[in-house]
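Please keep the sequence and the model in view while reading.

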Amino acid sequence: MRAEMQNIVEAIEKSLSLLAQRMDRETAPHRLEEFNARVEDPTLWDDPAAAQKLMRERQLLVDAMGSYDSISTELSDNIELIELGEMEEDAEVVSEAEAALVQLADKAAKKELEALLDGEADGNDTFLEINAGAGGTESCDWANMLARMYVRWAEKKGYNVELQSEQAGDEAGIKSASYKISGHNAYGWLKSESGVHRLVRISPFDSAAKRHTSFTSVKVYPVVDDNIEIEVNPADIRIDTYRSSGAGGQHVNTTDSAVRITHAPTGIVVTSSEKSQHQNRDIAMKALKSRLYQIELDKRSALVNEAHENAGDAGWGNQIRSYVLQPYQMVKDLRTSFETSDTKGVLDGDLDGLMAATLAMDMSGKGRDAANAE
């Protein structure tokens, strides 16, 4: 087998190893038997919420087992075909099997990524907040570029994007924006984006064409599932209404319908300004509960993103990723050291590589934690 094909086989085997680890392959058949026995229990649907949870967990296990077995079988079959073709000097058979392995490697890599998205809230919809930081007009323009980047990424995924609120910059761009992004694993993918994003470029607003550095913060938190109870003490919140200062057109409100909710114990502030006051109040309260739920998730997992939770201003020392457009082209994630020179692709929403590197890093960190605990 050619060295190139051997590398592809090793990549597929690596993906299979992770899939086996994530579903605990040794115990998977036994757990499926237990699920099947519980499904046959006539009292299962006496508690619809518990029954639905059980059915989801069972289906996830069935899908994981099916993916592993399918990839493993295809791998073995095509390796045998290559060996057979080489023995019989049949170049056509070898070529077809090699092409099949290339496609299988892509399929295995995608399944590997899906396996990383199995956290408590990874499957949920998500809220995405963008806030311009240090840099004035430059940062407002950068915030607008990031908003466009995430909207394009979400659209490529087939997700639904709803603008919850937006505050225009004084001269250009936006000071802040909040989105609800809906789709399978929306939170699981986007959670890695929480933190400060740094841009280096020749400023289009500087007549001297000098290089500028701008910062914008991104915060991501899951939409709370209906089955998750989050209690908010009415005495802990202040609700204000105000007139929205959108960017114009459809986003301009002519009445004081926008809603701001401030949660005193945590200092969390959420807003909604795109619908009626009643709808905005409901949206803002859901956003607050989601923020509180995110705090609980971070406490439980002990994987608190310091740039997100510990504050930090959107400025030097707190960034998770740098986007350099001059004097060279590079996007580099400072947590994983993943980098790419395709800055245009990234700003057009090609973020899966950056996100996947962070997900894989989180997974290896969990593995080390588990090993240390033992």
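This is a predicted model: local features need pLDDT of at least 70, side-chain atom pairs count only at pLDDT 80 or more; totals for chains, interfaces and linings use all residues.

## Ser214 in strand E5

Is Ser214 buried or exposed? This residue, which belongs to strand E5, is buried, because its relative accessible area is 1%, and the threshold for that class is under 20%.

Which residues surround Ser214, once the neighbours within four places in sequence are left aside? Its contacts are then Ala134, Glu138, Ser139 and Trp142, together with His197, Arg198 and Leu199.

## Helix H1 against helix H3

A pair of packed helices is described by two quantities, the angle between the axes and the distance separating those axes. For helix H1, residues 3-23, and helix H3, residues 48-87, the angle is about 155° and the axes lie 10 Å apart. H1 is therefore roughly antiparallel to H3, a term that applies to angles over 145 degrees, and H1 passes H3 in a left-handed crossing.

On the H1 side, the contact is formed by Val9, Ile12, Glu13, Leu16, Leu19, Ala20 and Met23, while H3 contributes Ala64, Met65, Tyr68, Ile71, Ser72, Leu75 and Ile79. Sorted by class, the residues of this contact comprise 12 nonpolar, 1 polar and 1 charged.

## Helix H1 against helix H4

H1 also packs with helix H4, residues 91-116, where the axes come within 9 Å and cross at roughly 30°. The two helices are therefore roughly parallel to each other, the limit for this description being angles under 35 degrees, and their crossing is left-handed.

The residues of H1 that take part are Met5, Ile8, Val9, Ile12, Ser15, Leu18, Leu19 and Arg22, and they meet a set in H4 made up of Glu98, Leu101, Val102, Leu104, Ala105, Ala108, Ala109, Lys111, Glu112, Ala115 and Leu116. By class, the contact of H1 with H4 holds 14 nonpolar, 1 polar and 4 charged residues.

## The sheet E6-E7-E8

An open sheet is built from 3 strands in the order E6-E7-E8, with antiparallel pairing. Strand E6, residues 237-242, and strand E8, residues 268-272, are at the edges and have a single partner strand each, so one side of each is left without a neighbour in the sheet. Ignoring direction, neighbouring strands in this sheet are turned against each other by 15° on average.

Strand E7, residues 258-263, is joined to E8 by 5 bridges and runs antiparallel to it, and in this pairing Ile261 stands opposite Val270 of E8.

## The chain overall

The chain contains 10 helices and 11 strands, and 43% of its 374 residues are buried. Of the contacts between residues at least 6 apart in sequence, 64% join residues at least 24 apart.

Conventions:
Residues are numbered from 1 along each chain as its sequence is written. Side-chain values use heavy atoms; hydrogens and water are left out. Axes are lines fitted to C-alpha atoms, for helices over the stretch in contact, and angles run from 0 to 180 degrees between N-to-C directions. Helices (H or I, at least four residues) and strands (E, at least two) are DSSP runs, numbered from the N terminus. Angles under 35 degrees count as roughly parallel, over 145 as roughly antiparallel, 65 to 115 as roughly perpendicular and the rest as oblique. A crossing is left-handed if the near helix is turned anticlockwise from the far one by less than a right angle, and right-handed if clockwise. Contact means heavy atoms within 4.5 Å. Ala, Val, Leu, Ile, Met, Phe, Trp, Tyr, Cys and Pro count as nonpolar, Asp, Glu, Lys and Arg as charged, and the others, Gly among them, as polar. Two strands pair if DSSP finds at least two bridges between them. Buried means under 20% relative accessible area, exposed over 50%, partly exposed in between (1.4 Å probe, protein chains only).
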